[in-house]
Amino acid sequence: RHAYAVEAAMRAAAARTGNDAEYWGAAGLLHDFDYERYPEIPDHANKGAEILRERGYPEEFVRVVQSHASYTGVPRDSDCAKWLFAVDELCGFCMACAMVQPDKKIASVKVDSVRKKLKKKDFAAKVNREEIAEGAAALGLTQEQVIEHVLGALAGVAGELGL
């Protein structure tokens, strides 16, 4: 479910910035494809990059996917990479916010509610709040703007996400 949410957020980001939605969506969909097999740091993202290269993916695409994990040291030197980093953790966090709504619907989640929950360290504790802030800053946007973007993108695929 997470990969599909990130794909939707990336497609929306591509539309917002005038970029290729297929390419950006694929980066969102594939960014964690290796996680179940290689969940440990530094394997995750690095092993995935090896697999993508073996399968003939362009190096630019491989670097975008690899750069979503800060520990790889791969710079986020494209808009696609910056957006992927900015929406990755936030997609999971927004889905967690939806799950605690009485109706469990992403449409019921408001930007202010997400911001308040971000301050609660025990809510979705594994989500890296520093990366959410860093991702927004790298885009030159406020956290509120990126949250609004993610909520809008997820609302567009709410049925598929079960939210």
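1. Helices (H or I, at least four residues) and strands (E, at least two) are taken as DSSP runs, numbered from the N terminus. Gly28 lies in one such run, helix H2, which covers residues 21-30. The model is a predicted one, in which local features need pLDDT of at least 70 and side-chain atom pairs count only at pLDDT 80 or more, while totals for chains, interfaces and linings use all residues. Residues are numbered from 1 along each chain as its sequence is written, and side-chain values use heavy atoms, with hydrogens and water left out.

2. Overall architecture. The chain has nine helices and zero strands, and its elements from the N terminus on read α-α-α-α-α-α-α-α-α. The C-alpha trace spans about 45 × 35 × 30 Å along its principal axes. The radius of gyration, taken over C-alpha atoms, is compared with a globule rule of 2.2 Å times the number of residues to the power 0.38. For 163 residues a compact globule would have a value near 15 Å, and the chain, at 15 Å, agrees with this.

3. Residues are called buried under 20% relative accessible area, exposed over 50% and partly exposed in between (1.4 Å probe, protein chains only). By this criterion 45% of the 163 residues of the chain are buried. Accessible areas come from the Shrake-Rupley method with a 1.4 Å probe, and for residues only the protein chains shown count as cover. The chain exposes about 8200 Å², of which carbon and sulfur atoms supply 50%. For charges, Lys and Arg count as positive and Asp and Glu as negative, with His and the chain ends not counted; each charge is placed at NZ of Lys, CZ of Arg, CG of Asp or CD of Glu. The mean positions of the 21 positive and 25 negative charges lie 7 Å apart.

4. A contact means heavy atoms within 4.5 Å. Of the contacts between residues at least 6 apart in sequence, 61% join residues at least 24 apart. A nonpolar core is a set of buried Ala, Val, Leu, Ile, Met, Phe, Trp, Tyr and Cys residues joined through side-chain atoms within 4.5 Å. The largest such core has 48 residues, and Ile106, Val114 and Leu154 touch the most other members. Helix H5 (residues 79-99) contributes the largest share of this core, 13 residues. Residues up to four places away in sequence aside, Ile106 touches Cys94, Met95, Ala98, Leu151, Leu154, Ala155, Ala158 and Leu163.

5. Gly28. The C-alpha atoms of Gly28 and Ala9 are 7.8 Å apart in space, for a sequence separation of 19 residues.

6. Lys82. This residue is placed in helix H5. Lys82 is partly exposed, with a relative accessible area of 27%. Apart from residues up to four places away in sequence, Lys82 touches Arg76, Ala138 and Leu139. Lys82 and Leu139 are 57 residues apart in sequence, with 6.6 Å between their C-alpha atoms.

7. Val146. Helix H8 (residues 143-156) holds Val146, which counts as buried at 2% relative accessibility. Setting aside neighbours within four places in sequence, Val146 is in contact with Ala86, Leu90, Ala136, Leu139 and Leu141. A C-alpha separation of 8.8 Å is found between Val146 and Gly135, eleven residues apart along the chain.

8. Backbone geometry to inspect. Most residues other than glycine have a negative phi, and most peptide bonds are trans. Ile41 and Pro42 are joined by a cis peptide bond, with omega about 5°; Pro42 is in the loop between H2 and helix H3 (43-54). Ala124 has a positive phi, near 45°, and is found in the loop between H6 and helix H7 (129-139). Ala124 is partly exposed, its relative accessible area being 25%.

9. Lys104. A positive phi, near 55°, also occurs at Lys104, in the loop between H5 and helix H6 (111-119). Lys104 is partly exposed, with a relative accessible area of 40%. Its contacts, residues up to four places away in sequence not counted, are Ala98, Met99, Gly162 and Leu163. The C-alpha atoms of Lys104 and Gly18, 86 residues apart along the chain, are separated by 32 Å.
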